Amino acid sequence: MISAKLNKGQLLIADPLILGDASFARAVILLTAHNKEGSVGFILNKPLQYSITDLLPEIDTPFKVYNGGPVEQDNLYFIHDVPHLIPNSVEISNGIYWGGCFESVKELIKNQKIGKNNIRFFLGYTGWDENQLESEMEQNSWIATANHHENKIISKSTTHFWKEKIIELGGDYLIWSNAPDDPYLN
């Protein structure tokens, strides 16, 4: 279901006509904050070529790291579904939480109390200033939809996620579901 009103917890699907933008072409973003000061989200479907261990050798686990967006890519962020285990977590919606005590996260992973289906790591985030996201919505850059996956979004496959969401939208979007990344090369 396409939504006209923006709320944290929604998914933002990049319009198929966003081309040539490495960060946002075919992106699906979880909107983690939205208020009068601006908006924040994490790109869910752009895994990077390394794991959390490559960034932090003391965390000996192969959990993938994702490109969360072009802002502050030298910072590590995470979403999760275990607020009862990670103090200071902030609820996004539908049982999805953002951040919390990172020392607790390291211990929980080390002791195998949380797994890759409970947490997802990102380098960077996607951010919009006041009214910027609304302006991009008016320009049809994004399609806002409900997150029907709720907290299971953390473990959702990323390989074809944008395509799946475009197929769900149906109608005029269906033609884009099998288009190559760069339709000008077709």
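1. A residue counts as buried when its relative accessible area is under 20%, as exposed when that area is over 50%, and as partly exposed in between. Keep these cut-offs in mind for Trp 98, which at 23% relative accessibility is therefore partly exposed. Please remember, too, that this is a predicted model.

2. Trp 98 has an aromatic partner in Phe 42: the ring centres are 5.6 Å apart and the planes stand at 85°, so the pair is edge-to-face. Phe 42 sits in strand β3 and Trp 98 in strand β8 (residues 96-98), so this pair links parts of the chain that are 56 residues apart.

3. The side chain of Ser 39 makes a polar contact of 2.6 Å with that of His 34. Among the other residues that Ser 39 touches are Leu 31, Thr 126, Trp 128 and Leu 133.

4. Have a look at the second largest pocket as well, with its volume of about 250 Å³. Its lining has 15 residues, and Lys 64, Tyr 66, Lys 116, Arg 120 and Ile 154 lie nearest the centre. Strand β9 gives the largest share of this lining, three residues. By class, the lining comprises six nonpolar, five polar and four charged residues.

Terms used: Residues are numbered from 1 along each chain as its sequence is written. This is a predicted model: local features need pLDDT of at least 70, side-chain atom pairs count only at pLDDT 80 or more; totals for chains, interfaces and linings use all residues. Side-chain values use heavy atoms; hydrogens and water are left out. A polar contact is a pair of N or O atoms within 3.5 Å; within protein, one must be able to donate a hydrogen and the other to accept it, and residues adjacent in sequence count only if both atoms are side-chain atoms. Contact means heavy atoms within 4.5 Å. On a 1 Å grid over the protein atoms alone, a cavity is a set of points where a 1.4 Å probe fits but cannot get out, and a pocket is an open set with protein on both sides within 12 Å along at least five of seven lines; lining residues have an atom within 4 Å of a point. Grid points are joined across faces, edges and corners, and a volume is the space filled by probe spheres set on the points. Helices (H or I, at least four residues) and strands (E, at least two) are DSSP runs, numbered from the N terminus. Ala, Val, Leu, Ile, Met, Phe, Trp, Tyr, Cys and Pro count as nonpolar, Asp, Glu, Lys and Arg as charged, and the others, Gly among them, as polar. Rings of Phe, Tyr and Trp (its six-membered ring) pair if their centres lie within 6.5 Å; planes under 30 degrees apart count as stacked, over 60 as edge-to-face and the rest as tilted. Buried means under 20% relative accessible area, exposed over 50%, partly exposed in between (1.4 Å probe, protein chains only). Lists of a residue's contacts leave out its neighbours within four places in sequence.
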